[in-house]
Amino acid sequence: MSDKQQSIIGAGVPRIDGPDKLSGRANYAADNLPPNLAYGYGVFSTVASGKVSQLSVDEARNMPGVIDIFHHGHFPTLYHTPSSLAQGNKVEETRLPFEDERVYYEGQFVALVVADTFENARAAARRVKVTYSADKAVANLEQGLEANGTRAGSGNHERGDAASAFDSAATTIDVTYRTPVETHNPMEMHASTAWWDNGDLTIFDASQGVVVAKGALSKIFAMPPERITVHAPYIGSGFGSKLWTWPHAIATAAASRELRRPVQLVVPRQQMFTTTGHRPETRQRLRLATDDNGKLVSLRHESINTTSFTDQYVETCGSVTKSLYSCPNLTVSHETTQVNRGTPTSMRAPGAAPGLFALESAIDEMADAAGVDPVQFRLDNYAERDESKDLDFSSNHIVEATKRAAERFGWADRNPKIGSMREGREIVGYGMAACNWEALKMACDARVSIRADGTAFASCATQDIGTGTYTIVAQTVSDVTGIPIDRITVKLGDSSYPDGPVSGGSWATATTLPAIAGAARNALDEMKRYATGSNGAFAGVSGEELEVANGGLRNADGRQVSFAEILEAGRYGSADGEAHTEAADSKYSYRSFGAHFVEVRWDPGISHLRVARVVSAIDVGKVINETTARNQVEGAVVMGIGMGLFEATEYDERNARPVNNDYAEYVVPVHADQPEIDVILLDYPDLAFNEYGARGIGEIGVTGLAAAVANAVHHATGKRIRELPITLDKLMDDVPQARSA
């Protein structure tokens, strides 16, 4: 294998799907326009709690182009799914569309108009008249606690006696943090295009998990899964909101079956705030204690998150707390409370993102109380092994990540005195936080074919959600076979391909690549059998004597024959290989690690706060593609800035209605908010995890970032903001040093 091929893993290879996206050839869910297509448009509840008492469709039915109007009194019988990830049939909102007349949240589907054009469907939907019998709505976490109390959640952990150790400790803190609802808002809105052919369902869906979607639809429509095909070749991101099937996709498929023609439904932006998930609101209490030497002796992390009245969703805020720091006495608990909102769902780094805001803010407060520099405090307390599982980490370079980022950032120049660092009118604040995320690897199947024209074809039912999966699959095939990237075709996002994982949880790369590599090797084994057969180019030679070289095979004497020539000699069309790989074992604790360092600038004269600079050092095992990996961290950093300074879905406390459910008022970072971002990728292969040593990188960059911002804000202003986002009203009453700047 040439040096060039040896370096294909880790190289910053341009995305092979880039030309299709730039040219408009990339086909998204709503781009599919089969003949005789009808269009659906939803009618959405305008109350958050109650029931539909009357629904009149007469005026709407007489509107131009209307084909049918579905609602709880006119909808086919469907069936519940067990909603099991293990069984491959998970949904997040388990209630079926139009299941009954009950309303559980504002924006819930109460009817679906289908017409000959999108415009006619939308116009008619606005003429559907719905009368509600409204109940008093539970609008937020505090109202949920008062009205419903809490339910126990999952992911809890306890070791030692945290309460007793806290009571006898030298230094303690007891603080509470709050995070709001965040909404995913990917560029591509949720959409489904479905049709039936002789009892077989085909659906193009904006889905991060086509195999699980197929399994869920199989249960809901009570039909064999092999009669369902789910396509998602391109996805305009999802951030977790597209992991599981939502009511709109089910309603689209059902309407198509009833009308015997294709139906397409695109969820409006406003309803993407209500009916396709969100990160739930949390309240987190942390009690930390240290001994006289600044070592943690007690840590309690108790969180409550909002969930819907139809489903139990647990935001496991303490998932990182259990193992990031060494502490003999620790308690992590999770509870939920019901509110009148749609069912929450995974949002980038679920649990860990809000959890590390609280934990890493509390660690900073604990360091301050103990009189220890925040970086040194973390270095003194990082866990060397996973104390929650009593297992060694498979690979952990968080100490190096922290030190390298601190050096690159210039932490040694930080004056710890609040408000003391200034440049012109601006007060400069430095803050940092650790970041952490679990490393997961699922079972996976893959297929690779080496073709007679010298090209290769790879397929797997996993998805590329915009992160570069197409490209790293091609890199893997090239690495094994020596075939150049530009001669490799990759097909993903089709449930008829070999089963692949959901594209979430940062497990797609670690899961897919070993299966692709195994399939490529099996294809090579078949190629060697062809080459060493009676009519082969290397007849009589053992396959073990042949090595891969420049798109062909070479023997010990240096004679080389291309794959195309080998296949032509035997009149074979291709050499094919399939492979199956299993989920990660439990020999080690598998996690990724890192550290963020943030510089903020605060101008008290005009009340202007900005993130000026971020340095992030990330330890995610082997980096497969330097460009896409760096891009993932940079994007996550920006998302973390949004979490820290801007994002919050707000609800009217009187009626639980979302009041900023559009891009005009739901504030996200724009180009003017982008800081200077410097990403350090440590690149230590974790070979205990998989053969490439790669762990996921999509989630970790957002974890801890909001805390690093909050810690920097405290350094600049003296304000310890414990409730996100850090809006300007929370900073108006500055410390004296800030006012005099």
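Modeller: The largest cavity has a volume of about 60 Å³. The model is a predicted one. Searching the whole structure gives three cavities of 30 Å³ or more. Rolling a probe the size of a water molecule over the atoms shows where empty space is left. Around the largest cavity, the lining consists of Tyr105, Glu106, Phe273, Thr274, His278, Asn340, Arg341, Gly342, Tyr651, Ala656 and Pro658. Sorted by class, five of these lining residues are nonpolar, four are polar and two are charged.

Now to the aromatic rings. The count of aromatic pairs comes to 18. One of them joins Trp195 and Phe204: the ring centres are 5.9 Å apart and the planes meet at 25°, so this pair is stacked. The cut-off for stacking is planes under 30 degrees apart. The two partners can also be described by accessibility. Trp195 counts as partly exposed, because its relative accessibility is 23%. Phe204 is buried, because its relative accessible area is 12%; the limit for buried is under 20%.

Elsewhere, Phe409, Trp411, Tyr430 and Phe597 make up one aromatic cluster. Within that cluster, Phe409 also has Arg613 over its face, at 4.1 Å from the ring centre. A charge over a ring is found at Trp244 too, where the charged end of Lys90 sits 5.4 Å from the ring centre.

Terms used
Residues numbered from 1 in each chain as written. Predicted model: local features only at pLDDT ≥ 70, side-chain atom pairs only at ≥ 80, totals over all residues. Heavy atoms only, no water. Phe/Tyr/Trp six-rings, centres within 6.5 Å; stacked < 30°, edge-to-face > 60°. Buried < 20%, exposed > 50% of the residue type's maximum accessible area, 1.4 Å probe, protein only. Lys NZ or Arg CZ within 6 Å of the ring centre and 35° of its normal. 1 Å grid on protein atoms, 1.4 Å probe; cavity = no way out; pocket = protein on both sides within 12 Å on 5 of 7 lines; lining within 4 Å. Points joined across faces, edges and corners; volume = space filled by probe spheres on them. Nonpolar A, V, L, I, M, F, W, Y, C, P; charged D, E, K, R; others polar.
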